Amino acid sequence: MEEHFFQCPYCWEQISMLFDLSISHQTYIEDCEVCCNPIEIIVYSKKNSIKLIIVNKI
Ligand SMILES: [Zn+2]
């Protein structure tokens with residue numbers, strides 16, 4: 001597991017989250033810890049490093 005940061009699409013605060021980089025494509029649903037809105041986070045990783053994080057409002 002590795003910690004990464006992304007911006008909340010609602011309040012634009014930096015949010016940190018732990019990702020399992022052994023999975024190449026994964027989707028998480030998390031509530032923003034600042035504004036509590038639900039965020040969909042799509043993570044693409046390769047060779048144990050994150051290539052792309054896509055963040056969507058739900
Ligand atoms: Zn937020």
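Of the 58 residues of the chain, 7% count as buried, a residue being buried if 20 or more other C-beta atoms lie within 10 Å of its own, exposed if 12 or fewer, and partly exposed in between, with C-beta atoms placed from the backbone. The structure is a predicted model, in which local features need pLDDT of at least 70 and side-chain atom pairs count only at pLDDT 80 or more, whereas totals for chains, interfaces and linings use all residues. Residues are numbered from 1 along each chain as its sequence is written.

The C-alpha trace of the chain spans about 35 × 20 × 15 Å along its principal axes. The radius of gyration, taken over C-alpha atoms, is 11 Å, which agrees with the value near 10 Å that a compact globule of 58 residues would have; the globule rule is 2.2 Å times the number of residues to the power 0.38.

The secondary structure comprises zero helices and five strands, where helices (H or I, at least four residues) and strands (E, at least two) are DSSP runs numbered from the N terminus. Strand E1 (residues 2-7) is joined to E2 by six bridges, and the two run antiparallel; strands are taken to pair if DSSP finds at least two bridges between them. Glutamine 7 has glutamine 14 in E2 as its bridge partner. Six residues lie between E1 and E2 in the hairpin that they form, and tryptophan 12 in the turn has a positive phi of about 65°. Strand E2 (residues 14-19) lies largely in the open, because the number buried among its six residues is zero.

An open sheet is formed by three strands in the order E3-E4-E5, with antiparallel pairing. Its edge strands, each of which pairs on one side only, are E3 (25-31) and E5 (49-57). Neighbouring strands of this sheet are turned by 25° against each other on average, direction ignored, with axes fitted as lines to C-alpha atoms (for helices over the stretch in contact) and angles running from 0 to 180 degrees between N-to-C directions. Eight bridges join strand E4 (residues 38-46) to E5, and isoleucine 39 stands opposite lysine 57 in E5.

Isoleucine 58 is placed in the segment after E5 and counts as exposed because it has 9 C-beta neighbours inside 10 Å. Leaving aside its neighbours within four places in sequence, isoleucine 58 is in contact with Ile29, Pro38, Ile39 and Glu40, contact requiring that the C-beta atoms of two residues, placed from the backbone, lie within 7 Å. Isoleucine 58 and glutamate 40 are 18 residues apart in sequence, and their C-alpha atoms are 6.4 Å apart in space.
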